[in-house]
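Here is a short report on charged and aromatic side chains. Please look over the sequence and the structure first.

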Amino acid sequence: MVAKTPSVGPAFCSNSVLRKATRRLGQLFDDVIEPSGLKATQHGLLAHIKMLNAPTIKELADNLVMDLSALGHTLKPLERDGYVALVRDERDRRAKRVTLTRIGEAKLEEMTKLWRTAQVRFEAAFGQRKAEKLRKALSLLASEDFSEAFLTATKVRRPDRGA
């Protein structure tokens, strides 16, 4: 069975609507986190580095679903400002690990207090149960399982090529 093709346009494009929503939510979180001098995306990056306990750059990129060059670009200002350090892996001298510095740990703690305010506001505005369901759905979208399902999904007929 061929899936029905949805209507055309930005309002019907899952990618477009999701990107628009993430930009808006990013702006709202950035406004709350602004007193730290960093962005919400940088908080997420520092939090992942801590959670993954000094990951290699590749491990961090894979976890964040980012390509290595984009991650390198994103890490540069955090490294420049002394929040993270890149150190050679002791077992594999070709790999570098990303670590939080003492200053980075303190900045993450400061930012996490602000982030909690943004998170509470989000759940109050959106609803706690809906927020939990949304995070679960978005985690699925970010997974390798979804990527594989997307890539192997049955092709749909384009409306301009007949039924």
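With which residue does R80 form a salt bridge? The partner is D81, and the closest N and O atoms are 3.0 Å apart. A salt bridge here is a side-chain nitrogen of Lys or Arg within 4 Å of a carboxyl oxygen of Asp or Glu.

This is a predicted model, where local features need pLDDT of at least 70, side-chain atom pairs count only at pLDDT 80 or more, and totals for chains, interfaces and linings use all residues. Residues are numbered from 1 along each chain as its sequence is written, and side-chain values use heavy atoms, without hydrogens and water.

**Salt bridges**

Side chains of opposite charge can pair when their charged atoms come close. The count comes to eight salt bridges. The table shows some, including the R80 pair.

| Pair | Closest N and O atoms |
|---|---|
| E105 and K50 | 3.0 Å |
| R80 and D81 | 3.0 Å |
| E110 and K107 | 3.2 Å |

Helices are DSSP runs of H or I with at least four residues, strands are runs of E with at least two, and both are numbered from the N terminus. E110 and K107 both lie in helix α5, three residues apart, about one turn of the helix.

Buried means under 20% relative accessible area, exposed over 50%, and partly exposed in between (1.4 Å probe, protein chains only). R80 is exposed at 62%. D81 is partly exposed at 36%. K107 is buried at 12%, and E110 is partly exposed at 33%.

**Around D89**

D89 sits in the loop between β1 (84-88) and β2 (96-100). D89 is buried, at 5% relative accessible area. A network of salt bridges links E59, D89 and R97.

**Aromatic pairs**

Two aromatic pairs are counted. Rings of Phe, Tyr and Trp (its six-membered ring) pair if their centres lie within 6.5 Å; planes under 30 degrees apart are stacked, over 60 edge-to-face, and the rest tilted. F122 and F126 are stacked, because their ring centres are 5.2 Å apart and their planes are at 15 degrees. These two residues are four apart in helix α5 (residues 102-126), so about one helical turn separates F122 and F126. F146 and F150 form a tilted pair, 6.2 Å centre to centre with 40 degrees between the planes. F150 is exposed at 59%.
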